[in-house]
Amino acid sequence: MDALPATAVQHEEAAHERRNWVRLTFDCNDRCVFCLDAHTHNGTNRDREEIKAQILDGRRRGATRLILSGGEPTIHPNFVDFVRLGRRAGYRKIQTVTNGRMFAYPAFLRAALDAGLSEITFSIHGPNARIHDALVGTRGAFDEEVKGLRGALADGRPVVNIDVCVNRGNVKQLPELMATFTAMGVREFDLLHVIPFGRAYSEGREVLFYDLEAMRPYLLEAFAYARRPGIHVWLNRFPPQHLEGFEDLIQDPHKLIEEVRGRKEEYALLLEHDIPLDCRAPERCKHCYLQPLCDRLDDVRADLAGRAFEVLRVDAAAERHAPVAYGGDPASRQHAAARLRRVLAERALAAGLSGHAPEDSPEAWGGTADEAAAGMAEARAARARDRADLTAEPAADASGHVLADTSPSSRESAAQAAAGPSGHVPPATSPGRPDVLPPTPSAGPSGHVPHATSPGRPDVLPPTPSAGLSGHVPHDTSPGRPALLPPNSSAGPSGHVPHANSPGHPEAAAQPTAPAGPRRLRLPLLGAGPSLPASPARPRLDARALAAAAEPRALWLVAPDLAAAEALAAEFPGVPELELELADPAALLARLSDMSAAPGPEGQPVTLAGKRLTRVVVADPAAAAALLGLHLDLDVVLLLSRAAEPWLLALDRAPPRLVLRQPARERLTESAELDLDLVAFFAAFRHPVPVEAVPACVLGRPPRERPRVFDAAQLGPDGGLEIFRYARRFIDDGFHVKSLRCKTCSYDHGCKGMHINYVRAHGFSAMRPVP
């Protein structure tokens with residue numbers, strides 16, 4: 001990639017804007033087959049005061065963009081009031097992500113814009129009513145939404161954009177959709193890859209997910225709109241390896257922070273109670289953009305629990321740079337609470353218990369009779385469903401295609417997905433095709449669904465409750481309450497944050513059962529029966545206690561200068577070796593120069609803060625040259641950059657302790673500005689020095705691997721892994737990707753690829769398989 005497109009800088013600034021996603025409803029007037037929020041829909045609105053508190057809290061914590069979401073946010077009776085509150089609170093941008101049907105009413109659109117709504121993201125999933133209405137499960141939805149879209153464009157005040165959940169039912173029509181709405185005047189599009197949550201997985205797993213390589217021609221034709229003047233295209237949750245040629249459109253990795261915020265309570269169950277995410281399964285994870293983050297999290301947890309690392313990294317500024325934890329989704333809280341209750345019940349069942357603990361027992365979990373019974377029933381039912389799932393996996397033919405499942409439940413799920421692989425929506429009587437579930441009756445944009453016997457209205461088939469892998473059956477059984485695709489979070493040059501399916505709206509359980517009466521019962525004591533398999537205790541050690549317990553070989557300190565590093569090193573007396581990475585190495589150079597000048601043999605070891613100094617990392621080639629000239633017994637690691645290239649290529653021979661390392665850059669623009677052309681550089685630089693973090697295909701030989709490192713910046717104030725801090729370090733240093741071509745490389749198994757921002761800035765072209 002020779003140069004970044006002009007829109008890249010605008011997109012990056014928007015992606016790093018601090019946003020506050022606020023859910024307004026647990027309800028929707030559509031029933032999208034791909035909705036990952038469906039399991040939260042129980043027909044209610046969120047409490048007004050709770051919404052108000054979240055809006056004000058986000059602003060106090062520095063959020064500058066307010067995004068009102070759902071469910072469907074516009075059907076909340078106080079929608080306009082919340083817009084007005086956001087403006088008075090001082091948000092620079094107020095956006096909503098919506099199915100747009102309420103905006104078909106001119107008076108409602110005008111009231112929202114007058115109150116301060118500055119951006120509307122319309123969720124449109126087909127180029128015509130046939131495809132869109134089938135996918136959203138509501139007849140007439142397309143016409144109503146387009147009417148609202150045209151009204152917003154005609155008004156001229158709001159930024160207007162469209163998001164599309166790309167799935168098997170519409171992927172072939174994606175170029176037509178782009179052409180249709182570009183002609184109407186839309187200039188921003190957010191294309192969202194379908195992911196395996198909510199109804200998309202529980203009901204649509206066999207009909208929504210598609211082969212990205214096979215559909216590549218249609219995708220590339222749609223992506224090419226990003227190269228047209230004045231058109232902005234965002235890609236969300238598309239696997240990066242499928243975006244060669246459009247690498248600058250790979251979503252900003254900092255978007256993962258928003259993903260985590262939407263599921264923070266569920267991650268907390270994993271990190272605090274060792275309760276696995278109930279979405280983790282190989283067949284499901286392979287469709288999910290979060291898989292690399294979760295896979296690495298498993299590795300980090302194992303390293304921490306087993307003390308399986310040689311180097312402990314400590315950043316003096318980590319606390320100052322830690323992500324701000326705010327917001328979150330109440331649906332995630334509900335889901336996490338239900339999940340915790342169910343796991344406790346599972347453990348009680350595993351122990352073979354049936355009685356209840358005394359009310360005064362401090363070890364027992366408190367709850368009402370209804371809650372206790374519901375927990376035990378959930379556990380038993382889930383076991384039965386899980387056993388059934390194991391025997392009901394769809395068969396595949398020799399080519400790997402999934403064969404049709406003719407069971408009634410499969411036909412029912414397939415019927416709800418409206419469009420086949422070609423995007424054609426067949427009539428219910430098409431030969432060889434499953435019957436298609438009639439969409440919900442066309443309701444007014446307000447969400448009102450007329451009675452089934454209303455003249456001229458078809459009867460409505462109530463949606464079937466469907467159990468996800470967790471075994472939870474959602475309470476989404478109201479025929480007039482279908483579900484909506486929830487939002488995403490990137491933003492356009494206008495500050496647009498497009499919709500996604502969905503960072504702030506994860507799959508969640510229905511509302512917990514309300515207490516039936518004042519009598520409090522207890523679930524069985526987990527220790528009063530056959531012993532349960534012990535889950536690993538969650539480590540709660542700060543960096544100093546962790547160093548004492550794990551006894552790492554080396555301490556890698558990232559600090560502003562030598563004085564700060566020495567003060568920090570003194571807090572880790574038991575670690576024998578020291579590695580330094582200083583923003584200002586001047587004082588270190590002076591100290592080492594004095595040591596080198598002292599009498600003694602060349603190549604003598606260096607001791608600082610009572611530890612042997614074995615490695616110094618620098619970005620400045622002049623500092624590297626000065627350190628190497630001292631002939632000390634330590635590695636000098638120079639970070640590769642355009643600034644370092646001339647000095648390196650001018651070397652007649654490489655100093656014996658020089659090491660080169662490709663750094664990970666925080667931003668796409670930094671990578672584009674600072675990185676050198678690695679292929680050209682290593683074609684010219686033939687000295688046999690150790691090189692780290694560069695793939696063998698680029699280097700021409702295997703790179704040197706670093707020993708296992710644990711980063712203390714991932715630990716929270718209580719000493720345990722904290723999901724936002726972990727995600728930040730994953731983005732900064734751990735998010736690596738490979739080309740589709742890498743599958744044929746002899747180094748594929750042990751190679752991580754290159755950092756996501758290097759690929760976004762320079763493309764996949766450097767990665768060429770080694771036979």
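**Exercise 1.** What does the count of disulfides come to in this predicted model?

*Solution.* Start with the rule: the two cysteine sulfur atoms must lie within 2.5 Å. By this rule the count comes to 0 disulfides. Now check a couple of cysteines. For Cys 294, the nearest cysteine sulfur belongs to Cys 279 and sits 6.3 Å away, and Cys 294 is in no disulfide.

**Exercise 2.** Is Cys 294 buried or exposed, and is Cys 742 buried or exposed?

*Solution.* Here the cut-off for buried is under 20% relative accessible area. Cys 294 has 8% relative accessibility, so it counts as buried. Cys 742 comes out at 11%, so it counts as buried too.

**Exercise 3.** Which residues of strand 1 lie on each side, and which strand is joined to strand 1?

*Solution.* Keep one idea in mind: side chains in a regular strand alternate between the two faces of the sheet. On one side of strand 1 you'll find Arg 19, Trp 21 and Arg 23, with Asn 20 and Val 22 on the other, and all are buried. With 5 of its 5 residues buried, strand 1 is therefore largely enclosed by the rest of the structure. Then look for the partner: 5 bridges join strand 1 to strand 4 (residues 65–69), and the two run parallel. Asn 20, for one, stands opposite Leu 66.

**Exercise 4.** Which residues of strand 9 point each way, and what is the bridge partner of Leu 191?

*Solution.* His 232, Trp 234 and Asn 236 point one way, Val 233 and Leu 235 the other, and all are buried. Strand 8 (residues 188–193) runs parallel to strand 9, joined by 5 bridges. In strand 9, Leu 235 is the partner of Leu 191.

Note on methods. Residues numbered from 1 in each chain as written. Predicted model: local features only at pLDDT ≥ 70, side-chain atom pairs only at ≥ 80, totals over all residues. Heavy atoms only, no water. Buried < 20%, exposed > 50% of the residue type's maximum accessible area, 1.4 Å probe, protein only. Helix = DSSP H or I, 4+ residues; strand = E, 2+ residues; numbered from the N terminus. Pairing = 2+ DSSP bridges.
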